[in-house]
Number of protein chains: 2
Amino acid sequence: MKSIPLLLMGCGGVGRQLLQHIVSCRSLHANQGVHLRVVGVCDSKSLVVASDVFTRELNDKFLVEVCRVKLNGLSLSKLADFGLAFVDCSASSETTGVLNRVVDLGCCIVLANKKPLTSRLEDYDKLYSYPRRIRHESTVGAGLPVIASLNRILLSGDPVHRIIGSLSGTLGYVMSEVEGGKPLSEVVKTAKSLGFTEPDPRDDLSGMDVARKIESLYPDEMEPDVMSVEEFLATGIKLLDNDVEERVKKASLRGNVLRYVCVIEGSRCEVGIQELPKTSALGRLKGSDNVLEIYSRCYNEQPLVIQGAGAGNDTTAAGVLADILDIQDLFP
Amino acid sequence: MKSIPLLLMGCGGVGRQLLQHIVSCRSLHANQGVHLRVVGVCDSKSLVVASDVFTRELNDKFLVEVCRVKLNGLSLSKLADFGLAFVDCSASSETTGVLNRVVDLGCCIVLANKKPLTSRLEDYDKLYSYPRRIRHESTVGAGLPVIASLNRILLSGDPVHRIIGSLSGTLGYVMSEVEGGKPLSEVVKTAKSLGFTEPDPRDDLSGMDVARKIESLYPDEMEPDVMSVEEFLATGIKLLDNDVEERVKKASLRGNVLRYVCVIEGSRCEVGIQELPKTSALGRLKGSDNVLEIYSRCYNEQPLVIQGAGAGNDTTAAGVLADILDIQDLFP
């Protein structure tokens, strides 16, 4: 039986779900000859570790309890001087320093947290010092096999020249609903009431932190520092209805629909509204699914399409667990 | 630099393309710290090996030549007594014996050849004795990340309860064309002239070797041992036009389309025509793409969808190469 020691950083939604998955998969993993030995769990302030991290583990009953408890504890750097998988399920940018240090100690890293990879290029390069020792599938589209599939394509020497995706469930929902003629303001309010949006829906409508050139769905004079959420929802957003309706109609006349997408092509990266054929995978998108189209030499005229739920603690945690199992060959 | 010794079985279409990929990816793999050392190449009758398989390799210039050459050579079993990745790009069921033997010797196995896995269950079990040492992504949907994605889902303890897919480019093309009102007989002839079908199109129309319960697109009295290919194409297939047209129309009245799919659900596996919603990923399928929908706890109402080109030497070989790189951690 191969034993993989794990230290879990972040025990909020995804981290907690991951612990539950680990416990409920015990017999499945035993059949695979693998045992996931959880030696420590921490949140942004504190850390719980087994009495002897080299030989012991936190037992399953304790794991389910431990995420909710805050304890003052040891420093992470003290733990990092032996082979270990660091699992970061937090949403904090403050784990970057620790992660950078454990890379030097030869530890493996599994991230659901996208911040360490998306703030500074030198941090990204540092974390990728040993490409076989890092996995971060759940940083894009929750558990959808996006990174794994892209890596397979790139490692087989098949050059990727274009990636286009709808990676926001909220904006995917909004754009497919306005297509049917509903006003933007109503659709956004429905999305909010369904729990699809952030408390301030402008966090979704602004296009987020994905790329350099970003098209926001609302103008500067409706920015959060100028207008309150209440005012935006009551009067501001209605001013955008006609413009969106007109764009939807014009696109429709050309057999197209509007989608809020991220496009990476050559060195260009754009996030915003694009007119796309009704019959493309992106054009046919309904509801809050994520969709990614990858164009390469092998997938030239028709792209490789990956589609499915791109959010949720359950799917995200499942992606993290698959990542952990994927590095098992690095352990004795 | 990590060196992975490779022995390639089968140097027809896929095998040849794989050698070309390996050669053209040299610098890419060097950047990853990996060198693929091809120590031998063989087809169904013969084998070419490097002068010293432990330290030498077939050089790149020779690799491009070697597939076309048939030599009388050594027995494969003589080569199998050291750590090695066996790559089977043949379409032969006769490699099964050798593969079974090299499993016991601790070798890794990468298959594009689906026959060893689909003839006898005991052979499948034998080949899967060490699940981490076998990869066979290209046995389903060419290079599409089907097996890799399924394994990720299963290893994360997310139970899969339904898989439905259109895995024949030919039948995908035929079913989407008859939807537009064209007679089956014309569509099949066009598919044949485009090179989409086997020389005898009934090899495609019969539903192939996938499952227990298979619905053929033609009746028993048009079986190859009763009717010639010429007769089938000239007169036989026209007798099926009206029936197909009527089924297409009836489905259309219910907002559905017909698709030739494989469904796995519980212990049931069926291959045949199904009525599916026009708006599902399978219903929207056009051309010769493969599509797979996976339903699990995480992907419950909306499935995980994987779509793209499911045939071609280039994509198949790219999938094999990605598989080889995926087992690199098993080599010193």
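This chat covers a helix pair in chain A and two buried residues.

User: What kind of model is this?
Analyst: A predicted model: local features need pLDDT of at least 70, side-chain atom pairs count only at pLDDT 80 or more, and totals for chains, interfaces and linings use all residues. Residues are numbered from 1 along each chain as written, chains are lettered from A and ligands numbered from 1 in written order, and side-chain values use heavy atoms, without hydrogens and water.

User: At what angle do H9(A) and H10(A) cross?
Analyst: Roughly 140 degrees, with the axes coming within 9 Å. Axes are lines fitted to C-alpha atoms, for helices over the stretch in contact, and angles run from 0 to 180 degrees between N-to-C directions. Helices are DSSP runs (H or I, at least four residues), as are strands (E, at least two), numbered from the N terminus.

User: Which residues make that contact?
Analyst: From H9(A), A:Tyr173, A:Val174, A:Glu177 and A:Val178. From H10(A), A:Leu184, A:Val187, A:Val188, A:Thr190 and A:Ala191. Contact means heavy atoms within 4.5 Å.

User: Switching to A:Asp241. Buried or exposed?
Analyst: Buried, because its relative accessibility is 12%. Buried means under 20% relative accessible area, exposed over 50%, partly exposed in between (1.4 Å probe, protein chains only). A:Asp241 lies in helix H13 (residues 241–253) of chain A.

User: What does its side chain reach?
Analyst: The backbone nitrogen of A:Leu184, at 3.2 Å. A:Asp241 and A:Leu184 are 57 residues apart in sequence, yet 5.2 Å apart C-alpha to C-alpha.

User: And B:Asn256, where does that lie?
Analyst: In strand S9 (residues 256–265) of chain B. B:Asn256 counts as buried at 17% relative accessibility.

Note on methods. A polar contact is a pair of N or O atoms within 3.5 Å; within protein, one must be able to donate a hydrogen and the other to accept it, and residues adjacent in sequence count only if both atoms are side-chain atoms.
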